[in-house]
Amino acid sequence: MRQSIIQWFRFGSPQSFYPLAGRMIPWFWAAAAAFGIAGLWLSFFVAPTDAQQGEGYRIIFVHVPASWMSMFIYLVMAFWAGLGLALNTRVSGMMAQALAPTGALMAALSLWTGALWGKPMWGAWWVWDARLTSELILFFLYLGFMALQAAIDDPRRADKAGAILALVGVVNIPIIYFSVKWWNTLHQGSTINMNKAPSMAHTMLWGMLLMALCFWMYTIAVALVRVRAIILERERHTDWVKHAVE
Amino acid sequence: MQWNSVGEFFAMGGYAFYVWGSFGACVLLMFTEPFLARRRLSEVRKSLIRERLADELELQQKTQ
Amino acid sequence: MNAFLATVRRDLLLALRRKSEVLTAVFFFVIVTSLFPLGIGPEPGLLKKIAPGILWVAALLATLLGLPRLFAADHSDGTLEQMALSPSPLGLLVAGKILAHWLLCGLPLVLLAPVLGLQFDLDASTLGILTLALLLGTPLLSLIGAIGAALTLGLRGGGVLLALLVLPLYIPALIFGAGAVEAHIAGLGAGGHLSLLAAMLALAVFFAPWATTAAVRIALE
């Protein structure tokens with residue numbers, strides 16, 4: 001038991017995490033590609049045409065995974081940030097920093113695909129639906145996190161300040177979601193029920209799950225690439241870095 | 001399989017712009033982002049290698 | 001507790017010596033709310049409908065205006081460092097500074113809001129709800145804003161960055177605060193909104209000074 005804890009802490013140091021990440025990256029790329037191909041095949045060739053929304057509903061296969069990932073990444077980011085704050089492990093902060101751009105990308109994709117879905121279905125690019133609005137706020141939270149880290153030159157301070165912001169954000173996200181939902185039900189002007197979106201056939205659910213897995217693996221892979229870059233940038237004056245690059 | 005022809009597949013029942021706009025944006029961004037991340041990594045690597053070469057050259061000149 | 005009150009007193013005295021800084025935020029609040037009818041048109045029905053939102057957004061921005069000064073002066077002259085080293089807990093001193101900030105930047109808005117509400121043709125009971133909502137909401141804004149102010153302490157472009165960090169977190173306060181007034185106008189009763197606002201305030205009173213203190217310590221490292 002003790003041995004394994006020490007093992008984990010060993011991977012908390014950039015020096016041992018850098019090669020480990022390098023070995024893991026190809027596997028995650030492969031998994032992302034495999035899930036992606038299977039998911040795309042299912043979403044375009046197996047899933048039946050929807051009775052109400054025709055072929056337009058197929059946007060769901062990227063919209064929902066992107067939304068899921070954008071929320072999930074924020075949680076993971078806050079987890080790493082909190083871990084870094086609590087245990088003072090350097091890699092944790094770097095992981096949080098590496099995840100933020102991908103999270104922002106997912107939020108942006110979710111908004112973009114949401115707009116493209118909304119236009120044919122509801123006749124408007126944007127409606128102030130509770131979920132869309134929360135997603136937009138989540139996007140702002142990512143931007144704030146990245147802007148704060150970019151503004152701080154000292155990486156240790158950037159990690160810690162970012163960690164506090166991420167944790168404050170995580171506490172606030174449920175409150176924000178709840179308040180936006182409340183606001184949405186109060187203003188019945190723009191009632192559009194997203195829940196009556198296609199009644200899920202099993203194949204649709206599977207397609208969505210496979211695409212979500214693809215996005216997940218993609219996120220891990222790209223975050224690992226970025227964390228390697230961050231490790232080298234920050235540790236460039238140490239001896240091991242000079243020997244790590246050939 | 002509900003597609004009778006390639007044209008029908010690309011037309012997406014009239015929703016071509018929306019469906020391909022969504023999937024296209026995802027594909028585009030999800031290829032661009034890893035590309036940018038990789039470039040960032042390789043640039044750090046390159047500059048580190050350059051630094052090391054400079055160090056070695058300096059060392060050689062000193063010993064000569 | 002003495003240290004807490006001493007900090008509040010000190011910050012209030014300092015602010016009274018530089019009155020213009022406090023007055024700027026108040027004038028900003030007045031001017032912004034007066035601009036909206038000019039931009040939208042003087043139709044009373046419409047103005048009445050948008051009044052809660054406008055007054056709340058203006059209050060939000062006015063609070064934001066004073067936030068960078070919350071710690072900046074004490075940071076640049078080293079007072080903050082002395083506070084961190086002093087025997088009384090830093091959290092208490094930070095809480096005192098937040099309270100002083102609210103008394104200077106939040107309370108004047110609360111007191112002014114009923115007057116400005118008259119511009120929008122709000123009746124007496126609505127003005128009462130508006131004031132009550134702001135009374136519960138502005139401390140919340142100061143508390144959340146303090147976290148952002150501490151995080152951006154001494155950074156370049158701090159003011160704009162602060163807005164980017166803090167404004168998304170202000171959204172629940174805005175929704176429930178403006179919602180309380182709207183619900184009252186619609187005859188639905190503002191009780192639910194106000195109690196949710198109070199609940200968020202209680203939560204923030206508990207956690208925000210703590211998070212702010214942690215952020216101040218990081219900035220001082």
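This is a predicted model: local features need pLDDT of at least 70, side-chain atom pairs count only at pLDDT 80 or more; totals for chains, interfaces and linings use all residues.

Student: OK, chain C then. How many helices and strands does chain C have?

Tutor: Chain C has 9 helices and 0 strands. Read along the sequence, the pattern is α-α-α-α-α-α-α-α-α.

Student: And what's the radius of gyration of chain C?

Tutor: It comes out at 18 Å, close to the 17 Å that the globule rule gives for 221 residues, so chain C is as compact as a globular protein of that length. The C-alpha trace of chain C spans about 55 × 30 × 30 Å along its principal axes.

Student: What fraction of chain C counts as buried?

Tutor: 50% of its 221 residues. As for contacts in chain C with a separation of 6 or more, 80% of them are between residues 24 or more positions apart.

Student: Let's zoom in on α1 of chain C. Which residues of α1(C) are buried?

Tutor: C:Thr7, C:Val8 and C:Asp11. Looking down the axis of α1(C), those buried residues fall within an arc of 100 degrees, so they line one face of the helix.

Student: Why would residues a few places apart point the same way?

Tutor: An α-helix has 3.6 residues a turn, so residues three or four places apart point the same way.

Student: What covers the buried residues of α1(C), and which residues are exposed on the other side?

Tutor: The cover includes α6 (90-119) of chain C. On the other side of α1(C), the exposed residues are C:Asn2, C:Leu5, C:Arg9, C:Leu13, C:Leu16 and C:Arg17.

Student: What about the length of α1(C), how does the span check out?

Tutor: Helix α1 of chain C has 16 residues, 2-17, and at 1.5 Å a residue it should span 22 Å. Its end C-alpha atoms are 23 Å apart, which agrees.

Student: Switching to chain A. What's in there?

Tutor: Chain A has 8 helices and 0 strands, running α-α-α-α-α-α-α-α from the N terminus on. Of its 246 residues, 48% count as buried. Residues 24 or more positions apart make up 80% of the contacts in chain A with a separation of 6 or more.

Student: Now the interfaces. How many residues are in contact between chain C and chain A?

Tutor: 22 residues of chain C are in contact with 23 residues of chain A. On the chain C side, α7 (124-151), α8 (158-185) and α9 (191-220) each give two or more residues. α8(C) gives the most, with 11 residues.

Student: And by class, what does that side of chain C look like?

Tutor: The side of chain C that touches chain A divides into 18 nonpolar, 2 polar and 2 charged residues.

Student: How about chain A against chain B, how many residues there?

Tutor: That contact takes 31 residues from chain A and 25 residues from chain B. On the chain A side, α3 (60-87), α4 (90-122), α7 (202-234) and α8 (239-244) each supply at least two residues, and α4(A) has the largest share, 9 residues. By class, the side of chain A that touches chain B has 17 nonpolar, 6 polar and 8 charged residues.

Student: Last one: B:Lys62, buried or exposed?

Tutor: Exposed, because B:Lys62 has 7 C-beta neighbours inside 10 Å, and the cut-off for exposed is 12 or fewer. B:Lys62 sits in helix α2 (residues 16-63) of chain B.

Student: How far is B:Lys62 from B:Phe10?

Tutor: Their C-alpha atoms are separated by 67 Å, with the two residues 52 apart along the chain.

Conventions:
Residues are numbered from 1 along each chain as its sequence is written. Chains are lettered from A and ligands numbered from 1 in the order in which they are written. Two residues are in contact if their C-beta atoms, placed from the backbone, lie within 7 Å. Helices (H or I, at least four residues) and strands (E, at least two) are DSSP runs, numbered from the N terminus. Ala, Val, Leu, Ile, Met, Phe, Trp, Tyr, Cys and Pro count as nonpolar, Asp, Glu, Lys and Arg as charged, and the others, Gly among them, as polar. The radius of gyration is taken over C-alpha atoms; the globule rule is 2.2 Å times the number of residues to the power 0.38. A residue is buried if 20 or more other C-beta atoms lie within 10 Å of its own, exposed if 12 or fewer, and partly exposed in between; C-beta atoms are placed from the backbone. The expected span of a helix is 1.5 Å times one less than its number of residues. The arc is that of the directions from the helix axis to the C-beta atoms.
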